[in-house]
Amino acid sequence: MRPRVWAVTSTMRRHARGRRRRGQGVPCAVRLIVAVLAALGASAATAAEPPPVALAPGFRIEVVADGLGAPRMLALDASGTLLVSIPSHGRVVALPAAPGPQRLRSPVTVAEGLRLPHGLAVRDGHLWVAETGRVLRLRYDVVTRRATEPVVIIPDLPPGGHHWTRSIAFGPDGRLYVAVGSSCDICREADRRRAAIVSYAPDGSNERLVARGLRNPVGLAFDPTTGALWTTVNERDWRNGGAPPDFLALVREGANYGWPDCYARGGALAPDPELRGTGDCRDFTLPAVELAPHSAPLGLAFYTGARFPAAYRGSLFVALHGSRAELPPAGYKIVRIVFTANRRPRVEDFATRWRAGDRVWGRPVDVLVGRDGALYVSDDHGGRVLRITALP
């Protein structure tokens with residue numbers, strides 16, 4: 001069953017490139033993306049047994065919800081209830097606390113009929129949902145857990161393309177930040193918002209380009225201490241099957257991180273060998289942390305809880321979704337970024353072995369710190385949400 005899923009992924013990319021060349025519209029691409037996401041989530045376990053993930057000493061993992069299809073991004077509402085986007089189903093669900101410790105949480109539909117909903121943000125009694133080509137604001141009732149009265153506040157994000165996800169987060173300045181991926185592996189984008197992070201006023205007005213040269217930025221997280229923005233970036237594929245490192249970027253206003261002209265490796269920037277553009281990379285910004293090529297970093301979250309050991313507080317957790325099946329294995333784990341004064345951030349494994357050999361148990365997408373101090377993880381391969389807690 002797995003090879004057929006990955007064959008669809010490769011076919012989807014080839015078909016998407018063909019449509020761009022022929023100038024056809026987005027709906028067909030959306031249907032293909034939905035089919036792939038549905039296939040990923042079809043392998044959800046029937047029992048509430050967690051995958052055999054290897055955790056750092058002193059932690060345990062459990063399933064809190066399964067059978068969700070292909071859950072992606074996570075958010076908390078004002079009551080601390082977990083919200084989850086499910087692009088393949090076109091809906092957002094809530095996962096209220098279960099009545100007993102051994103019971104799985106039952107999803108409650110918050111909003112439905114959406115087109116590839118991905119990023120979520122909750123603020124001032126409203127829910128913001130990033131679809132592939134626009135951002136909606138809905139009135140959210142924390143008691144009924146229903147979102148109503150949708151208003152399109154950003155109507156014209158570049159939709160679909162090679163990277164269809166749109167992630168969002170509110171910054172400490174009150175503005176809404178949107179991550180938009182490129183339309184290709186390597187090209188000159190006509191829309192300046194591609195391969196970039198853009199910010200808006202909460203009503204969708206006053207657009208500003210924050211940073212560019214980010215081939216496919218996905219996760220967005222603000223450091224609770226400094227207010228600085230961090231993002232995960234999936235780098236390009238080379239035609240020979242190799243790739244430059246994926247990376248984490250400490251996002252600086254007005255910075256250009258190099259794509260498509262230059263890439264980072266070993267703490268230095270080099271011209272892309274397949275693009276006949278500039279040979280000078282001096283004006284581009286280096287990433288803060290390099291990760292393995294094809295590891296596919298997605299969601300990230302600073303640990304702000306009080307239930308993990310003190311050494312974990314302030315650490316940045318990053319979900320590495322994992323490489324495609326035809327590539328050498330990379331990712332398939334959650335890593336912890338450790339910050340130490342006057343030293344480069346250090347990467348440590350935290351939850352590994354989501355893949356063992358050719359057997360894929362799960363693929364972590366997003367991470368979020370709950371009100372209970374646990375780390376919640378969405379898994380679009382297993383169709384579940386998991387909870388990682390520290391042992392007493």
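How many bridges join β21 to strand β22, and in which sense do the two run? Four bridges join them, and they run antiparallel. If you want to find one of the contact points, look for Pro297, whose bridge partner in β22 is Leu320. Keep in mind as you explore that this is a predicted model.

Let's step back and take in the whole chain. You'll find two helices and 29 strands here. Of the 392 residues, 57% are buried. The chain exposes about 16,400 Å², and carbon and sulfur atoms supply 50% of that. Now think about which parts of the sequence touch each other: among contacts with a separation of 6 or more, 52% are between residues 24 or more positions apart.

How far can you trust what you see? The pLDDT averages 88 over the chain, and 86% of the residues score at least 70. Two stretches call for caution, though. Over residues 1-26 the pLDDT is below 50, and this stretch has 34 contacts in the model beyond its near neighbours in sequence. Residues 41-47 also have a pLDDT below 50, with 18 contacts of that kind.

β21 and β22 belong to an open sheet of five strands, in the order β1-β24-β23-β22-β21, with antiparallel pairing. At its edges are β1 (54-55) and β21 (297-302), each pairing on one side only. What holds neighbouring strands in a sheet together? Strands of a sheet pair through backbone hydrogen bonds, either parallel or antiparallel.

Between β22 and β23 (333-338) there is a loop, and Tyr332 lies in it. This residue has a positive phi of about 55° although it isn't a glycine. Is Tyr332 buried or exposed? Its relative accessible area is 3%, so it counts as buried, the cut-off being under 20%.

In soluble globular proteins, nonpolar side chains tend to be buried together.

Leaving aside neighbours within four places in sequence, its contacts include Leu300, Ala301, Tyr303, Phe308 and Tyr312.

Why can we call β15 (residues 217-222) largely enclosed by the rest of the structure? Because six of its six residues are buried.

Another open sheet has four strands in the order β3-β4-β5-β6, again with antiparallel pairing. β3 (74-76) and β6 (108-111) stand at the edges with a single partner strand each, so one side of each is left without a neighbour in the sheet. From one strand to the next, the twist averages 35°. Inside this sheet, β4 (residues 82-86) and β5 (residues 91-95) pair over five bridges, and Leu82 has Leu95 as its bridge partner.

Finally, two loops are worth a visit. In the loop between β17 (246-251) and β18 (262-265) you'll find Pro260, which is joined to Trp259 by a cis peptide bond with omega about 5°. In the loop between β13 (196-200) and β14 (208-212) sits Asn206. Phi of Asn206 is near 55°, a positive value in a residue other than glycine. With a relative accessible area of 43%, Asn206 is partly exposed, whereas Tyr332 is buried.

Notes
Residues are numbered from 1 along each chain as its sequence is written. This is a predicted model: local features need pLDDT of at least 70, side-chain atom pairs count only at pLDDT 80 or more; totals for chains, interfaces and linings use all residues. Side-chain values use heavy atoms; hydrogens and water are left out. Buried means under 20% relative accessible area, exposed over 50%, partly exposed in between (1.4 Å probe, protein chains only). Contact means heavy atoms within 4.5 Å. Accessible areas come from the Shrake-Rupley method with a 1.4 Å probe; for residues, only the protein chains shown count as cover. Two strands pair if DSSP finds at least two bridges between them. pLDDT is the predictor's confidence in each residue, from 0 to 100. Axes are lines fitted to C-alpha atoms, for helices over the stretch in contact, and angles run from 0 to 180 degrees between N-to-C directions.
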